[in-house]
Amino acid sequence: MSAVVTSGVGKVFPTKDGDVVALTEVDLEVAEGEFVSLIGPSGCGKSTLLRLIADLDSASSGTLEVFGKTAHQARVDQDYGIAFQQAGLLPWRTVAGNIALPLELHGVAKAARAARVAELAALVGLTDFVDRYPDQLSGGMQQRVAIARALAEQPRLLLMDEPFGALDEMTREHLQTELARISAESGAAVVFVTHSIPEAVFLSDRVVVMSPRPGRITDIIEVTVDGARGEALRESPQYFERVTAVREALHGVPTERANER
Amino acid sequence: MTAALRYISPVIVGVLILALWVLVVDVLHAAPRALPSPVAVITEFWLRFGIILDDVQVTAANAVIGLLVGALAGILLAALAATARPIDGMLAPLVAALAVVPIVALTPIFNSMFGASSQFGRMAVAAIAAFVPVFVNVLRGLRQTRPVHRDLLRASGATGMQTFRVLTLPTALPYLMTGLRIASSVAVIAALVAEYFGGPADGIGTAIATYAKSGRASLAFAYVAGGIAIGLAFFLVTSLLERLVSRGRPV
Amino acid sequence: MRRSAVLWGAVGVLAVMVAWEAYKFLGPADGFVVGAVAGETGSGFMLLPRTNERSMPHIWDMVGRLFESTSGGSTPPLIVPVVTAALLTLGIAAVGWIIGVAVGALLGLVMQRWRLAEWGLLPWIVVSQTVPLIAFAPIVSSIGTQIDRADGLPWPQWLSVAIIASYLAFFPVAIGVLRGLESPDRIHLDLMKSYAAGYWPTLLRLRIPAAVPHLLPALRLAAASAVVGAVVAEVSIGMRGGIGRMLIQLAGQGSSDPAAPWGPTFGSIALGLVAAGTVALIGLGLKNYRRGEATA
């Protein structure tokens, strides 16, 4: 069974200046355990598509299935974990409290919660910071907490909307390596929105190139690599070749500035 | 549909309240004597409109003068506090205290200082009441300039006066408007309530107190309508001002 | 930082006292009147007060009077009835505060839950504060006496005062709770939605904690409003024993005993400060919920 299957999905937003077609005719299939990136310029609908999968918005047309169910059912059944561009940590909870939030909401017992939180904190390298508050953490650390939180219930699908967008390049590369390791270990499928070409190539099995007005998929680039995705990959010719492939696919896409829409 | 609902719902609630009022007083006769029938209130208001208007003018005048004086003082002292640390240090605890003490309790003192036939006590109380929100909001507004804007003006070689005119003042203006809006309602209420604590025998508050005590409830409520009218008028004027100033501004 | 605030506050109070005595010493004996007509006493408008003992007692006289007997003979020093009255009013205001907070919080919750409720009720809640207390104080009082006489529920007079005080106290709480519950970021709301968390878990774990920075100033304001409400209600109902009545009483004797009215005046000021200060203490225990709160 595939993690995500979309067929002819479209999304239209009514505005006072007329309808905006955010997405049209989106056909995409994400296999279990597959890492897929959505990349494209502003307004191409990548975040909208992610929100549709997450059932944070509903599609105007077409069908969308997550693990064979409707997106709504998948959300109710808690089949996915989500991370946003801003970490979105609750400021009055410690790191441990934030990671535990989904567990608390879904009635996990206290002891089991504590154990899982410790496990996740170790996974993202924040064991020494579990009692700190978000305002005491750097942006990168906050994002790590958000990722740990997204993994709390061992979801089979991870949805991530530019989670590293607000971080500096060095932290970003480090977290990408961590994410690659974590997703390989957990075996979850990942749908990852980004506008960084190197990031998309580094992390993904496939890169989905999108274009705006109307938002649609224009290309899907396969990124198969030999060996694991680690620091060595960043300097391999294979990597550069794939980055070029994605860039050329994107150049076929007209870039449009926001105020010219 | 929803836009219409937004304006209709308070009207519906108002009609419901009125209906309940009429039900309790006129239909069920279950109300205490102190609660008059809305019909009686409207009748009295209509019949006594002239004398109600006289008292409205007294209270409204006290409130307006208090509002203007208090607002002016608030703006001046906030400007001083924003520029001089020691003044801010002295004023901050005093204003915080003023914000929580019952200012109307000072009315008897003012009346003995300025004479029991003077409106000064009521104006002073209204002024103090108006001063606090204006001071607090203007001070906040003067401190809201964003560092990126301050850097921009500094890099452009702007003088202190220029920076004030081009950046600080426009940034602080919406806060001033908010302060004025709050101050206007507070000034009206303060001017009215101060009348219960002595002074000349005029004004809406004294009338309400007198007629409520002597059992003429419908007349008392007619005066209340006058008082509400003053409050609403002040609120509308200052809200309009606030809206005019914040037009075209990003939130 | 706190200590220097107290110090500066003391300096400020001292400055006010110095200004008072300085004016008494240097100011015109008959005050400053504009628009006076010669030969007509009491005409014109007095802008600055007279500096005699009756209009402006010395500060040390004001303080000293507190320790002299209340009404001559063997009556206790003035400070005793002032403190007693202040404490009584404080207690009534506290009850009014509790009622006001409960009603205001309930209204805030309802208005946040249903947009329609907010649209329908909020304008009336705002308008409610323009209705002077003194208009319906007699209504509450007479309903109260009726209930008391009907043998069912004992209804002491102070309870009517507390109810009237709660009328002023509920308003800031209703607004504060509404604003606070609506304050969470879009991203936090999306997060809760992604957890399929319904209304109640979202309320408990997100909206209420996020509301704390809005709630605390509202509670402080409600305490100050409850005090004002209690004082005014005491005067309009004619309740004995509270500081409101004492203010009026001693003001009436002001010509023979000018320093006396300052006693209950100081008492009311202290009352407001104590009420607000007590509520501010609540904020201390909730420090974690105020992280990321921008300082005003």
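In what order do the four strands of the open sheet in chain A lie? The order is β2-β1-β4-β5, and the pairing is antiparallel.

The model is predicted, so that local features need pLDDT of at least 70 and side-chain atom pairs count only at pLDDT 80 or more, whereas totals for chains, interfaces and linings use all residues. Residues are numbered from 1 along each chain as its sequence is written, while chains are lettered from A and ligands numbered from 1 in the order in which they are written.

**The sheet of chain A**

Helices (H or I, at least four residues) and strands (E, at least two) are DSSP runs that are numbered from the N terminus, and two strands pair if DSSP finds at least two bridges between them. Strands of a sheet pair through backbone hydrogen bonds, either parallel or antiparallel. The edge strands of the sheet are β2 and β5 (69-70) of chain A, each of which pairs on one side only. Strand β1 (residues 4-15) of chain A runs antiparallel to strand β2 (residues 18-30) of chain A, and nine bridges join the two. The link between β1(A) and β2(A) is a hairpin of two residues. Two of the bridge partners are listed here.

| Residue | Bridge partner in β2(A) |
|---|---|
| A:Val4 | A:Val30 |
| A:Val5 | A:Glu29 |

**Chain B**

Chain B has 10 helices and zero strands, and its pattern along the sequence is accordingly written α-α-α-α-α-α-α-α-α-α. Along the principal axes, the C-alpha atoms of chain B fill a box of roughly 75 × 60 × 30 Å. Of the 251 residues in chain B, 45% are buried, where buried stands for 20 or more other C-beta atoms within 10 Å of the residue's own, with C-beta atoms placed from the backbone. Among the contacts in chain B with a separation of 6 or more, 78% come from residues 24 or more positions apart; a contact here requires that the C-beta atoms of two residues, placed from the backbone, lie within 7 Å.

Chain C is divided into domain 1 (2-56) and domain 2 (79-290), with bounds from an automatic or database domain assignment. The C-alpha centres of domain 1 and domain 2 of chain C lie 34 Å apart.

The contact between chain C and chain A takes 15 residues from chain C and 16 residues from chain A. On the side of chain C that touches chain A, the elements that give two or more residues are α7 (186-194) and α8 (199-237) of chain C, and the largest share, six residues, comes from α7(C).

How values were computed
Buried ≥ 20, exposed ≤ 12 C-beta atoms within 10 Å, placed from the backbone.
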